[in-house]
Each structure stands twice: as C-alpha cells, then as structure tokens.
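Here is a friendly walk through one protein model, with its pockets, metal sites and strands taken in turn. Keep the structure open beside the text as you read.

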Amino acid sequence: MITIKSPREIELLKVAGKIVYETHKYLKPYIKEGIKTKELDKLAEDFIRSKGATPSFKGYNGFPTALCISINSEVVHGFPSDRVLKNGDIVSIDIGACYKGYHGDSGWTYKVGEVSEEVSLLLENTEKALYEGLKQVKPGNRIGDISYAIESYAKKSGLGVVKELCGHGVGTSVHEDPEVPNFGTKNTGPRLKEGMVIAVEPMLTLGRSEVFVHDNNWTVDTLDGSPSAHFEHTVAVTKEGYLILTGE
Ligand code: MG
Ligand code: MG
C-alpha cells in the first residue's frame, strides 16, 4: 500500500532526512586512507543518536550495524568491519535515521584519495543518473518514468544497471511501497501523487549488471568484480515536482 503523508508527517520526514544529510557531511572528512570502516560506523551512530534519532538499519531484519559500508565491487549492504580504506578505493556509505518514528535514507559513494578516471566517471554518472530519475518525480508521472530515465542514462553512459535491488517508499518504515526499480518502461507503474515519499537509488557498475550475495546473506557484490556506485536521496512529491529531504 502506498501511503500519502500528511503535512505533519512530511515535517518529521524532513527532520529525519536532514539528520541523514548531516551525518554524511559529518563523516566526509573521515573517509580517508587508513580508517577502519567500523570506525566510520561508530562515528555515524554516535552522531545520529546525538541528534535524538536512531539508526534505521541497525537490527533491521537482523542487520548488525548502523551503516552499510560497501567497498569497490560491493554494491550495497556491506558490513562495517576492521577493513581499512586504501587510496584508490571507492566506498558507498548508506545511512538511515529514524526520528520520532519517521525515516530518512540516503546512500552516497565517496572516493578514497585518488581513483582512476574510469572509476571517477562511474561515480559522476551514477550521481547524474539519480538526478535524471528525480527529474521525473512530479504528480501525474509514473514510477516507470523514473525507472526508464535512470536506465536510459546508465545505458548511454555504458554502465551496468543492478536489477536485484531498487528504490522504495519511505515513511514510518524505512522500506515501504512502492518499489522504484532502476530499469523499466515509461508510463507504467503506480502514478505519483503529492505527499508520497520515495527513495530513488541507482546502483550502477563499470561492468556487467549481474550480482551475487556474500555468505553473510547481506552484502551484494558484482559477479564480474567490477566497481559499482550507489547514489540515493529520499524525496517528497510536491505539487510541482519534488523536494529532496536528505539534502541541504
Ligand atoms: Mg534505500
Ligand atoms: Mg539507503
């Protein structure tokens, strides 16, 4: 069931989204060669709690940590650990925060030091694919319009589209209806209405689109080992278009 949020609920979702955005900003200077990913997780969890919120992912279906931290070929749902970031890595950090029962969800891929030009372009184009998808968010358009825009942009950029995972509604649950796939056909799927809140989140690869899941039953990785990037915002559908809740 797709829920329409009241203005009061949108205000709470804005607060949750802002906390997620601020957590990304807070972490950014720490995303450097030499840091353990579990140190980033601890910094983020403490920061989220200091804002009166709780990490949305910790305990979600048994997920062990506050953040999902996925390195290089890992697409999403990586476990923070003793693994140390190295120069040339890319690291996808997915953050969820829950404030007074309402969630925000945003993932971003960061460079660690210097990365190759090819990988740099992967990041740039995955972020652009997110905004191409968001341009389709307005009342009257359909979910398939977002999906088609992301897939078209990815294909034009020569990138693989991970199909096993998708965007989603956000509200009193971090994952709600509708699903927002990163591939699809224009003018199909549920129609967008003012008051819907969705996370749009392209996951693109430098190689093929096939993925596998690690033995931990969570971490998704590219089958061909190619690097992958993930950019995600939670947005509210407004009268004219959309408002990014996990941004400035
Ligand atoms: Mg999400
Ligand atoms: Mg996320």
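Let us begin at a pocket. Of the 17 residues that line the second largest pocket, Lys 28, Trp 108, Tyr 110, Glu 127 and Phe 231 lie nearest its centre. Helix H1 (7-27), E5 and H3 are the elements that give two or more residues to this lining. Strand E5 provides the largest share of the lining of the second largest pocket, 5 residues. The volume of the second largest pocket is about 270 Å³.

A word on how to read these values. This is a predicted model, in which local features need pLDDT of at least 70 and side-chain atom pairs count only at pLDDT 80 or more, while totals for chains, interfaces and linings use all residues. Residues are numbered from 1 along each chain as its sequence is written, chains are lettered from A and ligands numbered from 1 in the order in which they are written, and side-chain values use heavy atoms, with hydrogens and water left out.

Helices (H or I, at least four residues) and strands (E, at least two) are DSSP runs, numbered from the N terminus. Pockets and cavities are found on a 1 Å grid over the protein atoms alone: a cavity is a set of points where a 1.4 Å probe fits but cannot get out, a pocket is an open set with protein on both sides within 12 Å along at least five of seven lines, and lining residues have an atom within 4 Å of a point. Grid points are joined across faces, edges and corners, and a volume is the space filled by probe spheres set on the points.

**Pockets and cavity**

The largest pocket holds about 400 Å³ of space. It is lined by 21 residues, of which His 77, Leu 165, Cys 166, His 168 and His 175 lie nearest its centre. Strand E7 (167-169) and strand E8 (176-180) each supply at least two residues of that lining, and E8 gives the largest share, 3 residues.

A search of the whole structure also finds 1 cavity of 30 Å³ or more. The largest cavity has a volume of about 40 Å³, and its lining consists of Cys 68, Ser 70, Val 75, Val 76, His 77, Ser 92, Ile 93, Asp 94 and His 230. Strand E2 (68-71), strand E3 (74-76) and E4 are the elements that give two or more residues to the lining of the largest cavity, with the largest share, 3 residues, coming from E4.

The table sets out the linings by class (Ala, Val, Leu, Ile, Met, Phe, Trp, Tyr, Cys and Pro count as nonpolar, Asp, Glu, Lys and Arg as charged, and the others, Gly among them, as polar).

| Lining | Volume | Residues by class |
|---|---|---|
| Largest pocket | about 400 Å³ | 9 nonpolar, 5 polar, 7 charged |
| Second largest pocket | about 270 Å³ | 6 nonpolar, 6 polar, 5 charged |
| Largest cavity | about 40 Å³ | 4 nonpolar, 4 polar, 1 charged |

**The two magnesium ions**

Which residues hold the metals? The magnesium ion (ligand 1) is coordinated by Asp 105 (OD), His 168 (NE2), Glu 201 (OE) and Glu 232 (OE), at 2.0 to 2.2 Å. Its donor residues are spaced D-x62-H-x32-E-x30-E in sequence. The magnesium ion (ligand 2) is coordinated by Asp 94 (OD), Asp 94 (OD), Asp 105 (OD) and Glu 232 (OE), at 2.0 to 2.4 Å. Donors here are N, O and S atoms within 2.8 Å of the metal (3.2 Å for Na, K and Ca); water is not among the atoms, so sites may look incomplete.

The two magnesium ions are 3.1 Å apart, and Asp 105 coordinates both. Asp 105 lies in strand E5 and Glu 232 in the loop between strand E13 (228-230) and strand E14 (233-237), so the pair ties together parts that are 127 residues apart in sequence. Asp 105 is buried, with a relative accessible area of 2%, and Glu 232 is buried at 0%. Buried means under 20% relative accessible area, exposed over 50%, and partly exposed in between (1.4 Å probe, protein chains only).

Strand E5 (residues 102-111) is mostly covered, with 9 of its 10 residues buried. Strand E4 (residues 90-99) runs antiparallel to E5, joined by 10 bridges; two strands pair if DSSP finds at least two bridges between them. Cys 98 has His 103 in E5 as its bridge partner. The two strands form a hairpin with 2 residues between them, and Lys 100 in the turn has a positive phi of about 45 degrees.

Helix H3 (residues 117-134) has 18 residues, which should span 26 Å at 1.5 Å a residue, and its end C-alpha atoms are 26 Å apart, which agrees. The expected span is 1.5 Å times one less than the number of residues. Among the buried residues of H3 are Val 119, Leu 122, Leu 130 and Leu 134.
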